[in-house]
Amino acid sequence: MASAAPAPAAPAADIPALKTYFAANFKIGMAADPSGYKNAIANPVILRHANSITGENCFKPASLGVSPGVYNWATADELAAFGAANGLGVRGHTLCWHSQTPDWFFTGTAAEVRARLETYISDVVTHFKGKVYCWDVVNECTSDDASSPYRNSKWFQLLGPDYIEIALRAARAADPDVKLFINDYGTEDPAKFSRLMTIVSALQARGAPLDGIGHQLHVSTTSPTAANVDNALRSVAAKGLINHVTELDISLYNDPGSCFASKTGCAADITGDATLLSAALKAQALQYRALFNVFKQHPSLQSVTTWGIADNSTWLSGFPTTRGNRPLLFDVAGQAKPAARAITDDAFVP
């Protein structure tokens, strides 16, 4: 008779549950689809440490929107049920985005495109009413350069800047109580953040229903400065808005822009070199500590989510290039890393 397989190791108990440790400050979230949180490494981590969950892909239009009026709810419903069963608030991500959106959204006249967007948002928000506590209604609407505040997306090309307000109003009509966000990367860059705030000011001047700003914070061990993050959070709060950190991870690599634009000049994989990896994990721990020290200073910051659960599964293993990466608070075995210790123990020296 074959012996039974050993039970998976429980996550290390040498740090407190993050959701408890930061309970007075903000929710602790993690991003995953069901396939990501069911495995034996990730599942104990999210159940012990998180009280919020974001669907990594299953709430996006490419996953839900089969065709006009036809939806594939199964995976997102599974995630919502998992959240409800385990005390995890669900962040809806995302309703309107230039990426991972089927082509059928963009066919026909501007009036047809607008109606299709409004119907889609109304249907999705209504379906998840009472199950989702906030929505990233519009994702990544800000330009990466100074040519315009607005990203020159298909939505912008077809509907102009009004598409953001259209999306927000459709979501509010479908659920008067859910919190509505614009979510973007690069808010830690003062120039891009200024463009985002131009968009926010225009929306507020028109009375658009906007409750908060999501700061993705896909960052590295050397950038951004804590001061830039502090400024962004402070400026959003000054507008009377909620802050969420929505997609936090800290890459081990400090790549030039060419790596993201053309996959050239990317830093070489260091995960097979014990010395280089150890140094990078120390720098990562110090960066996590610096960011969380800023986060704790802001009452307007109500949720901090990492983009993933543990290093066994991260989008950064394939973006911007294929290589090993270890960007999260828990390692490939689900154990607390120096970064996790650094944010829960001020005396810990990485």
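In which loop is Pro224 found? Pro224 lies in the loop between β9 (218-220) and α10, and a cis peptide bond with omega of about 10° joins Ser223 to Pro224. The model is predicted, so that local features need pLDDT of at least 70 and side-chain atom pairs count only at pLDDT 80 or more, whereas totals for chains, interfaces and linings use all residues. Residues are numbered from 1 along each chain as its sequence is written, and side-chain values use heavy atoms, without hydrogens and water. Helices (DSSP H or I, at least four residues) and strands (E, at least two) are numbered from the N terminus.

Helix α9 (residues 190-205) packs with helix α10 (residues 226-238) at an angle of about 10°, the axes being 11 Å apart; axes are lines fitted to C-alpha atoms over the stretch in contact, with angles from 0 to 180 degrees between N-to-C directions. The two helices α9 and α10 are therefore roughly parallel (an angle under 35 degrees). Contact (heavy atoms within 4.5 Å) involves Pro190, Phe193 and Met197 of α9 and, from α10, Asn228, Asn231, Ala232, Ser235 and Val236.

A cis peptide bond also joins Phe319 and Pro320, with omega of about 0°; Pro320 is placed in the loop between β11 (301-306) and α13 (338-344).

Positive phi values occur at Gln100, about 50°, and at Lys263, about 60°, neither being a glycine. Gln100 occupies the loop between β5 (89-97) and α6 (110-127) and is partly exposed at 32% relative accessibility. Lys263, in the loop between α11 (257-262) and α12 (274-295), is exposed at 53%. Exposed denotes over 50% relative accessible area, buried under 20%, and partly exposed in between (1.4 Å probe, protein chains only).

Note on methods:
Parallel < 35°, antiparallel > 145°, perpendicular 65-115°, else oblique.
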